[in-house]
Amino acid sequence: MRNDPVAVIGLGRFGTALALELVRRGTEVLAIDHRPKVVQSLAGQITHIATADATDPEALRQLGLPDFYRAVCAIGSDLEASILTSSLLVEMEIDDIWAKAVSRQHGRILSRIGVQHVVFPEHDMGERVAHLVSGRLLDYMEVDENFALVKTLPPKEYVGVPLGESSLRRKYGVTVVAVKRPDEEFTYATAETELGYGDVIIVSGRTDQVERFAELP
């Protein structure tokens with residue numbers, strides 16, 4: 001991914017966390033919010049920060065938004081401001097636009113006006129936590145609509161069996177991608193890898209398949 005400067009519009013919890021993490025990773029950030037107190041509280045923590053009405057096209061132009069390759073509309077609670085700001089970013093022909101949505105309907109509208117990437121932070125986090133709470137998963141990440149990576153423990157029936165002889169993919173449709181021995185770092189799994197008690201594994205596959213596999217005792 002290109003490491004161009006990123007404009008983050010809207011400094012609620014999501015926008016602030018995003019902007020600060022981007023800065024921590026070495027990305028130059030222009031953060032914009034209409035609330036002076038919020039902007040003042042973050043001054044010095046973000047590369048560039050400004051108080052402005054993001055629904056005003058002239059204000060965005062003065063801040064140089066048309067020159068950005070990537071921008072994020074992190075406005076969530078004010079749907080009108082979110083849609084209007086996102087449409088301005090589209091009109092400015094910014095190449096890579098991300099926008100936060102608070103509902104599926106909101107997300108559909110953002111997609112229709114030309115936003116390339118619509119994210120649902122609350123929904124996605126709630127879904128992830130639900131997976132962790134309801135089963136044996138140690139971590140869960142859905143990388144596509146129906147494909148996931150999960151961190152879990154090896155089922156007892158596969159302990160001590162080389163992965164190449166386990167028929168995991170044929171039986172469950174999943175692949176063990178990596179394994180972590182106790183007190184060691186993760187390493188790629190191979191056909192010769194034998195899983196042991198106390199190991200942690202990363203498994204990939206269709207969401208329903210990895211969930212079913214993770215429920216094995």
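**A chat about buried and paired residues**

Visitor: Arg 70, buried or exposed?

Guide: Arg 70 counts as buried, because its relative accessibility is 8% (buried is under 20% relative accessible area, exposed over 50%, partly exposed in between, using a 1.4 Å probe and protein chains only). This is a predicted model, where local features need pLDDT of at least 70 and side-chain atom pairs count only at pLDDT 80 or more, while totals for chains, interfaces and linings use all residues. Residues are numbered from 1 along each chain as its sequence is written, and side-chain values use heavy atoms, leaving out hydrogens and water.

Visitor: Okay, which residue does Arg 70 form a salt bridge with?

Guide: Its partner is Asp 96, with the closest N and O atoms 2.6 Å apart (a salt bridge is a side-chain nitrogen of Lys or Arg within 4 Å of a carboxyl oxygen of Asp or Glu). The pair links distant parts of the chain, 26 residues apart: Arg 70 is in strand S4 and Asp 96 in strand S5 (helices, H or I, of at least four residues and strands, E, of at least two are DSSP runs, numbered from the N terminus). Asp 96 is buried too, with a relative accessible area of 8%.

Visitor: How many salt bridges are there in the whole structure?

Guide: A search finds 7. Among them is Arg 25 with Glu 21, at 2.8 Å between the closest N and O atoms. Arg 25 counts as exposed, at 62% relative accessibility, and Glu 21 as partly exposed, at 29%. Salt bridges also link Glu 21, Arg 24 and Arg 25 in a network.

Visitor: New topic: which residues of helix H5 are buried?

Guide: In H5, residues 104-112, they are His 106, Gly 107 and Leu 110. Seen down the helix axis, the buried residues of H5 fall within an arc of 100°, so they line one face (the arc is that of the directions from the axis to the C-beta atoms).

Visitor: And what does the face turned away carry?

Guide: That face of H5 carries the exposed residues Gln 105 and Arg 112. Just after H5, Gly 114 takes a positive phi of about 115°.

Visitor: Last one: which residues do ring pairs link into a cluster?

Guide: Tyr 158, Tyr 172 and Phe 213 (rings of Phe, Tyr and Trp, its six-membered ring, pair if their centres lie within 6.5 Å; planes under 30 degrees apart count as stacked, over 60 as edge-to-face and the rest as tilted). Tyr 158 and Tyr 172 are edge-to-face, 6.3 Å centre to centre with 80° between the planes. Tyr 172 and Phe 213 are also edge-to-face, at 5.8 Å and 65°. Both Tyr 172 and Phe 213 are buried.
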